[in-house]
Amino acid sequence: MISAWQFCPYCGARLDARDEGSRSRLACHSGCGFVHWDNPAPVLAALVEYQGRIVLARNRSWAEGAFGLITGFLERGEDPMSGAAREVKEELGLEAAEVTLIGVYPFARKHEVIIAYHLVGHGQIRLNEELAEFRLIAPEKLKAWDFGTGPAVRDWLARRGT
């Protein structure tokens, strides 16, 4: 079991590996009841259709030429569909309409689960501070990639027959 967690956030006792829920988990040595379940984080992805084209964006921390879908973490208590619309509003300044689920995808490399939606964006694109640039791609020229949000792009393209 690999984890940066060493101490219980409730009582400060050390964490030990023990069988919990049919897996080895880190649990409080003192018995206060804390178990570090280490569940994957839910991430929202939006395949944004804007004026008939697909928006791909480059995060400021990514290499030149690396573009992807709009993504962000699901907030506590947030409906995933509303969260996808929120991320598009925050990152692109667009209002979302016609939001539909594409699918749910494991992303083990980052210990995440991606919940991907297709939506139509309205308004004028205004990038927030996270994004460096964007591209508009004709759907017939869009190509899926093999990791992260790429499988959602693949499934969306397959459904539309592209």
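# Reading rings, strands and a helix

Analyst: Let's start with Phe 34, which is buried, with a relative accessible area of 9%. Please keep in mind that this is a predicted model.

User: How are the rings of Tyr 10 and Phe 34 arranged, and why does the pair get that label?

Analyst: A pair of aromatic rings is described by the distance of the centres and the angle of the planes. For Tyr 10 and Phe 34 the centres are 5.2 Å apart and the planes stand at 80 degrees, so this pair is edge-to-face. The pair also links distant parts of the chain: Tyr 10 is in the segment before E1, Phe 34 is in the loop between E2 and E3, and 24 residues separate them. While Phe 34 is buried, Tyr 10 is exposed, with a relative accessible area of 65%.

User: How many aromatic pairs does a search of the whole structure find?

Analyst: It finds two aromatic pairs. Trp 5 and Phe 34 form a stacked one, with 5.7 Å from centre to centre and 10 degrees between the planes. Here too, distant parts of the chain are linked: Trp 5 comes from the segment before E1 and Phe 34 from the loop between E2 and E3, 29 residues apart. Trp 5 counts as partly exposed, at 38% relative accessibility. Through these ring pairs, Trp 5, Tyr 10 and Phe 34 are linked into a cluster.

User: On to sheets. What is the order of the strands in the open sheet of three strands?

Analyst: Strands of a sheet pair through backbone hydrogen bonds, either parallel or antiparallel. In this case the order is E1-E2-E3, and the pairing is antiparallel. Strand E1 (15-20) and strand E3 (35-36) are at the edges with a single partner strand each, so one side of each has no neighbour in the sheet. Between E1 and strand E2 (residues 23-28) there are six bridges.

User: Which residues of helix H2 are buried?

Analyst: An α-helix has 3.6 residues a turn, so residues three or four places apart point the same way. In H2 (residues 150-160), the buried residues are Gly 150, Pro 151, Ala 152, Val 153, Trp 156 and Leu 157. Their cover includes strand E4 (41-50), strand E5 (53-59), strand E7 (95-107) and strand E8 (112-122). Just after H2, Gly 161 takes a positive phi of about 80 degrees.

User: Where is Phe 147, and is Phe 147 buried or exposed, or partly exposed?

Analyst: Phe 147 sits in the loop between strand E9 (131-137) and H2. With a relative accessible area of 46%, Phe 147 is partly exposed. Sequence and space can be compared here: Phe 147 and Ala 108 are 39 residues apart in sequence and 9.9 Å apart in space, C-alpha to C-alpha.

User: And which residues does Gly 121 touch?

Analyst: Leaving aside residues up to four places away in sequence, Gly 121 touches Val 48, Glu 49, Tyr 50, Leu 94 and Glu 95. Gly 121 is found in strand E8 and is buried, with a relative accessible area of 5%. Its C-alpha atom is separated by 19 Å from that of Gly 103, 18 residues apart along the chain.

Key. Residues are numbered from 1 along each chain as its sequence is written. This is a predicted model: local features need pLDDT of at least 70, side-chain atom pairs count only at pLDDT 80 or more; totals for chains, interfaces and linings use all residues. Side-chain values use heavy atoms; hydrogens and water are left out. Buried means under 20% relative accessible area, exposed over 50%, partly exposed in between (1.4 Å probe, protein chains only). Helices (H or I, at least four residues) and strands (E, at least two) are DSSP runs, numbered from the N terminus. Contact means heavy atoms within 4.5 Å. Two strands pair if DSSP finds at least two bridges between them. Rings of Phe, Tyr and Trp (its six-membered ring) pair if their centres lie within 6.5 Å; planes under 30 degrees apart count as stacked, over 60 as edge-to-face and the rest as tilted.
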